[in-house]
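Trainee: Please take me through this model pair by pair. I would like each answer to end on the value or name I ask for.

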Amino acid sequence: MVAGGAAAAAAPGSGGSSRASPGFAVIAILVVGVLPHLVVDVAASRGFAIPKPQVTAHTVMAVEGTAVQLPCDVQAPSHDKVYMVLWFRDDAGLPLYSLDVRGKPLEEAKHTSTSEGFGTRAYFRTISETAQLVVNDIRRHDEGVYRCRVDFRHSASRSFRYNLTVIVPPEPPAVLDHRGRQLNSTVGPHREGDNISLTCRVVGGKPQPRVRWLVNDSVVDDVSESNAGDVIENHYTRHNVSRDDLNAVLICQAVNTNLTEPRQAALRLELNLAPLTAQITSKQQPLAADREYKVSCESAGSRPPAIITWYKGEHPLIKRTSVDNARENVTVSHLTFTPSTEDNGKELTCRAENPNITGLFVDTSWRLDVVYAPIVELRLGSSLSREDIKEGDDVYFECIVKANPPLRKLNWLHNGQPLNHNASARILRSNQSLVLQRVTRQSAGTYTCVAINPEGESTSNQLDFRVKFVPTCRWERGVVGAMRGVPVDVLCAVESDPPARIYRWKFNNSGETLDVPSERFSHNGTHSVLRYTAHSDHDYGTLTCAAENSVGVQQEPCVFTVISASLPGQPRNCTLLNQTSSSVEVWCLAGPDGGLPQHFILELFTASAASAVPVVRYNATDRPVFLLSNLEPDVTFKVVVVAANDKGRSAPVAVSELTFGDPEKRIAADGDLAMSPLVAGAVITVALCLVWATLCIAVHVRRGLKAGARGGAGVGGRGEKAPGAGPPPGKTAAHARDPLDEKDPDIIPAKFDPVIQRPVGNGTLSNHGHSEHPVSPLGPPGPGPGPLQGNGGPQPTPVLAAHPAVRGTSPEHWVRNKRNSAGFETVTHHFGDSGAAYSWDLRPKDLRLSPGSGAPGALGAAGLLGGERRDLELNGTAIKERLMSSRVPESCV
């Protein structure tokens, strides 16, 4: 039709010209093809009834807010072509969307969408199998009838009609509880057994939605009620919720189309659940007191997880707990606790409780069995007063013991010493009590009881037990030395409890007894001091002192004998102890004090100085004990000890000579020994050769001497003993063995020369030295204990041998006696009569000592004492000098 019209319009113009212009052709197509349709549409809009072709309308439903596709077939018949595609709404004369394909391929067609229609929301898609108009974001006012007309170049136009229905979804449902409060995602939490009432409210929707309830995707209520306007509600009640309803999903749906998912609100049911179980694990029995333990409590079934609380008895334990919620609905609490002795028999309780609801709990308990060593307390008898006990009273003690397991043994101690049952001593033990009958002052002191069970041994508190008694003297008798006209203080010390209040002094000189006036003496609770002055011989006698306290008067007074004062006796048994390279201790025993307080003085003199003035003086007040240190090295000191009182000084006691080596020199000497390994090896080789040669010579000579002795031992060749050659009377042959046969195995002699005692004459002992009386550098020799005196025994008369070997011995040497009763060795330093020091250069330099050598302590090989023969004696000093001259270390020597 469109093509026929175009040809007829072009026919009148063909007579004037055989060919029409292109512009005229386009206008003719618009007038002939489009204008009739426009006229029809305008006439219809004006109310003119113009018959239209009837086209069936297809229903298309779309949900508001979504996209819709309206198909329109634009496939042209054979040998034809699409010119125009027009979309109209209802009976509108103007298209709301057009596709102009004229003069161009379909892919390059011009798209036009009016703003009064869909605007930019619409697009005609031609690339699909069936062309379609796609409208996005459908709105409710888009609902209507739409017509698509397709115009071809030669074929008749094609039309399609669509009835577009727009579905409006309702608003999201709102869920309200029984109080009208809107719920969002959860319901509750509720307790088990509660009834739940919910209301689902839906507003709007086209068509009107259907509201229903689902529980875990199962419909439980689909009957809805309408309220005023467009509000629709559905009420749902769930009775007696249980533990199985926990986390149930309650869904309210509003459904008005199947094109989209229904609008819904889903809520999860929350329940507060009580714990089901509580169990204490890691139990141990029994428990040791004061030891750390770990126990656990596990609870299950609570929601939210239970809070576990520990109780010991009625008191909560809030410290040192930790919680583990590794598994759902299971709570584990770990408790670290240290049971005490007071916890024995108590219950340890684990309580698991829902934290959100009071009263939802379950608990379990464990009775503790705590073992411990006894707990002991000592008390004086309840009927006794500690301040009123005196000698002669009866007392008793109670030992209170608490122990698990029970007590096995009970001991009593007095001042740390065991106290056993002794009826004769009036000490009685009964169960856990101790009875003392007729106590004395010796009963005073500290008492303790010791309880023992399998867990250990425990000692009670110390109970200080006091026994009051009358005063008694601390010392039996005393001697007071007094000089005429010189006041002296006489101390009267007593023992008493309580302290003495009154003192009485008396004087007796065998002629009369006088009371001493109280202004002459002073006193306190433990002693009294009398200032006494002797003016004549009648003032020497006996002083007595008696004290009195609240218990009674002293029965036996203290007695003091007043004598004329004298010089103190010299100290005894002086010994060197703990000697090191830089210090030494000097210990002595005090002699008589001469009746006056004495003190002790140690003086040091240099051996080389001729002056009698000491270089160092040490004082000791109570006992003669001195520590010498930090003295000048490489200087020989003479040590002298004296005692002194107000009367004067005692005779001096010469103790020893001391020489401290210089450590720096020794270190320097050691440093000089540094040499190469080759030189050191040579030196050691030479030293070993010398020592080996010396030993070989010594063995050879010793064998020769022994052979000669065996040859001349007998008388007349029969082996008879010579007269006087046997052991002394009362001694066996073993006792008579020469002590020089037991030599020090070192080739270097010992520090002290041996002192050999031999029977001389009628059995008296000869001491091979010059004198047994120590001589002080400050004065002539004085009487004193000799080296053989021991602990105060009779001193043998010294007999000096006239043999040249004896006269040639050292002018001074040591004599070390046996230990005395105090545990000290008696050491006496002897000096020669001439006082000359022994010279180092005078010593023999031969390796072997001849029988006539004058070396210190050297004796002849024969004829010295009773014709006895001595073995070979080596000169250790000479050997040492030769080895040291070869630079052999002293430690090797």
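**Strands, charges and rings**

Mentor: In strand 28, T364 is the bridge partner of C350. The model is predicted, so local features need pLDDT of at least 70 and side-chain atom pairs count only at pLDDT 80 or more, while totals for chains, interfaces and linings use all residues. Residues are numbered from 1 along each chain as its sequence is written, and side-chain values use heavy atoms, with hydrogens and water left out.

Trainee: Over how many bridges do strand 27 and strand 28 pair?

Mentor: Strands here are DSSP runs of E with at least two residues, numbered from the N terminus. Two strands pair if DSSP finds at least two bridges between them. Strand 27 covers residues 347-353, and its pairing with strand 28 is antiparallel. The number of bridges is seven.

Trainee: Which strands stand at the edges of the sheet?

Mentor: The sheet is open, with four strands in the order 24-23-27-28 and antiparallel pairing. Each edge strand has a single partner strand, so one side of each is left without a neighbour in the sheet. The edge strands are strand 24 (315-317) and strand 28 (361-367).

Trainee: By what angle are neighbouring strands of this sheet turned against each other on average?

Mentor: Axes are lines fitted to C-alpha atoms, and angles between N-to-C directions run from 0 to 180 degrees. For this sheet the direction is ignored, and the average is 30°.

Trainee: Over the ring of which residue does the charged end of R351 sit?

Mentor: A charge sits over a ring if NZ of Lys or CZ of Arg is within 6 Å of the ring centre and within 35 degrees of the ring normal. The charged end of R351 is 4.5 Å from the centre of the ring, which belongs to F361.

Trainee: How many residues apart are R303 and E270?

Mentor: R303 and E270 meet in a salt bridge at 3.7 Å, N to O. The pair links distant parts of the chain, with R303 in the loop between strand 22 (293-300) and strand 23 (307-312) and E270 in strand 19 (residues 263-272), and the separation is 33 residues.

Trainee: Which residue is linked with E270 and R303 in a network of salt bridges?

Mentor: E270 is buried, with a relative accessible area of 16%. The network links E270 and R303 with R268.

Trainee: What is the angle between the planes of W87 and F124?

Mentor: Rings of Phe, Tyr and Trp (its six-membered ring) pair if their centres lie within 6.5 Å; planes under 30 degrees apart count as stacked, over 60 as edge-to-face and the rest as tilted. The structure holds 10 aromatic pairs. W87 and F124 form a tilted pair, 6.5 Å centre to centre, with an angle of 55°.

Trainee: Which residue forms one aromatic cluster with W87 and F124?

Mentor: W87 is buried at 1% relative accessibility, and F124 is buried at 0%. The cluster of W87 and F124 also holds Y162.

Methods. A salt bridge is a side-chain nitrogen of Lys or Arg within 4 Å of a carboxyl oxygen of Asp or Glu. Buried means under 20% relative accessible area, exposed over 50%, partly exposed in between (1.4 Å probe, protein chains only).
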